[in-house]
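Welcome! Take a look at the structure below, and then we will walk through it topic by topic.

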Amino acid sequence: MKVFSLQVFSIILFARILHCHAQARYTFLVEETQYTRLCSNNTILTVNGQFPGPTLYVNKGETIIVDVINNANYNITIHWHGVSQPRNPWSDGPEYITQCPIQPGANFTQTIIFSVEEGTLWWHAHSEWARATVHGAIVIYPENGTTYPFPKPDAEVPIILGEWWKSNIYDVYDEFLQTGGDPNISDAYMINGQPGDLYPCSSPGTFTLNVDYGWTYLLRIINAAMQDILFFAVANHSLTVVGSDASYTKPFTSDYITISPGQTIDVLLYTNQTSDYYYMAAKAYASTFNITFDNTTTTAIIQYSGNYTPSTPSLPNLPLYNDTNASVNFTGSLRSLADDDHPVDVPINITNNLFFTISVNAFLCPNNSCAGPNGTRLSSSVNNISFVNPSIDILEAYYNSINGVFGTQFPDFPPLVFNYTAQYLPLDLQIPQPGTEVKVLDYNATIELVFQGTNVVAGADHPMHLHGFSFYVVGWGLGNFDKDIDPLNYNLVDPPLLNTIAVPINGWTAIRFKANNPGTLFTSFVTISVIILTYVFRARL
Ligand SMILES: [Cu+2]
């Protein structure tokens, strides 16, 4: 395999302590590290001093151990995003859901069980906003003796799309909590830790991918940005999508991709153009009306080998920032491979129908003193419940039968039926109910869950993510879900198997999964303006 200059995205520095048939074991040392971007120094949290963090390489079905040592001054947890962790919820990582945070000076050994996943995932901090810099790729190769369902690429490259604030990320987060308004927007997007040529002081470090003519490159693209759905493209080259969220897809070709925060997309890039320099670029898709967002563009360079005088690279055509059709049409094109080696197992007989409204909300503040709309504090909710962190993690409270930590009254349907996507909605719908409620699911229950975006406060695309399972996306649409008509158009033949899906702005998405992995699951979404909201499922342990 060719060695390419990956610049900052350097080769993993930690070594496998054990090899061959033994379990691989890694050390993740979380520490404060100085990095310079956009002409200024910043102290960021890293793993092993690296930003982005080290890439984990595993084979399908492998189990690894990671010793997380917290040498930083902040609480931390590490989450293995998209790894289903069968019967192993204790190592999943979300703070106050499956564990209490690892305190400064403490450590926690996590076992990561890879089972059905094959392709690309990522790991990240799951405490406050630490994941902005504490994240890295997970490459899951096919099991020994099997191979990709497409011709083996000549080379593979993780492409991590990230975000940079010149301020300390904890200051950004604290201000956000204190004011109740939108968090300050980032100062740059990044490709593999580098903003690229279009930002000040950034040209020298620009990520460069050296390629040979006529090769096939597997780009393992990860959206590690905090909130924004991103468009990504490569000038003069189309991309052939072959997988998403560690599940293979039917190959399809597109000039751009849309990728949600948390999602991964594997694409093949054929280097079939005139030898030259070409930009790859990413920028935000931001659908919410009248909201500020980071409207900058991050770039990296694809550099063909050979003797030639390179021209000034041009930017790829990316959809406009508010092009909802471009966003949903791409995501709606994903299909499972659905062949003999990769069968689809979408639940047909549903035992639990759930319907969840997803809203941006606003709490009242004394004297309208907060920085949200009309002096309110921005919030978010599912079925009008705005999640409140419990005092200890829910999994532990459940396992040890500790009362008073959470309730089990999470509603299957919204408490009030209204025209969710109407242009104007009564102001009293804006105030949610705070609570720590879970939905208990029976083991092996088959779930259909319809997420309905609402236009309360402001419509937004809502990336939803589930822990413990991937799910089949069987349908989606704009406007209100129609329970009599829309299911007739579900794709039950080759729906994509994902762990993250963006519910379209003022639209809906239907997913299905089987609750056969006991533990505490949780879905979260990040609205364009607010934090995380969580909702917790619980299956019988
Ligand atoms: Cu996750």
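**Helix α2**
- Helix α2 spans residues 324-331, and its buried residues are S327, V328, F330 and T331.
- Why do the buried residues of α2 line one face of the helix? Looking down the axis of α2, you would find them within an arc of 160°, so they line one face.

**Domains**
- The domain assignment divides the protein chain into domain 1 (24-141), domain 2 (155-331) and domain 3 (352-539).
- Taken over C-alpha atoms, the centres of domain 1 and domain 3 are 25 Å apart.
- How many residues of domain 1 are in contact with domain 3? There are 14 of them, and they meet 18 residues of domain 3.
- On the side of domain 1 that touches domain 3, seven residues are nonpolar, five are polar and two are charged.

**Confidence**
- The pLDDT of the protein chain averages 91, and 92% of the residues score at least 70.
- Residues 1-19 have a pLDDT below 50, and this stretch has 38 contacts in the model beyond near neighbours in sequence.
- Residues 525-541 also have a pLDDT under 50, and here the model has 73 contacts beyond four places in sequence.
- Where pLDDT is low, the predicted coordinates should not be read in detail.

Methods. Residues are numbered from 1 along each chain as its sequence is written. This is a predicted model: local features need pLDDT of at least 70, side-chain atom pairs count only at pLDDT 80 or more; totals for chains, interfaces and linings use all residues. Domain bounds come from an automatic or database domain assignment. Two residues are in contact if their C-beta atoms, placed from the backbone, lie within 7 Å. Ala, Val, Leu, Ile, Met, Phe, Trp, Tyr, Cys and Pro count as nonpolar, Asp, Glu, Lys and Arg as charged, and the others, Gly among them, as polar. A residue is buried if 20 or more other C-beta atoms lie within 10 Å of its own, exposed if 12 or fewer, and partly exposed in between; C-beta atoms are placed from the backbone. Helices (H or I, at least four residues) and strands (E, at least two) are DSSP runs, numbered from the N terminus. The arc is that of the directions from the helix axis to the C-beta atoms. pLDDT is the predictor's confidence in each residue, from 0 to 100.
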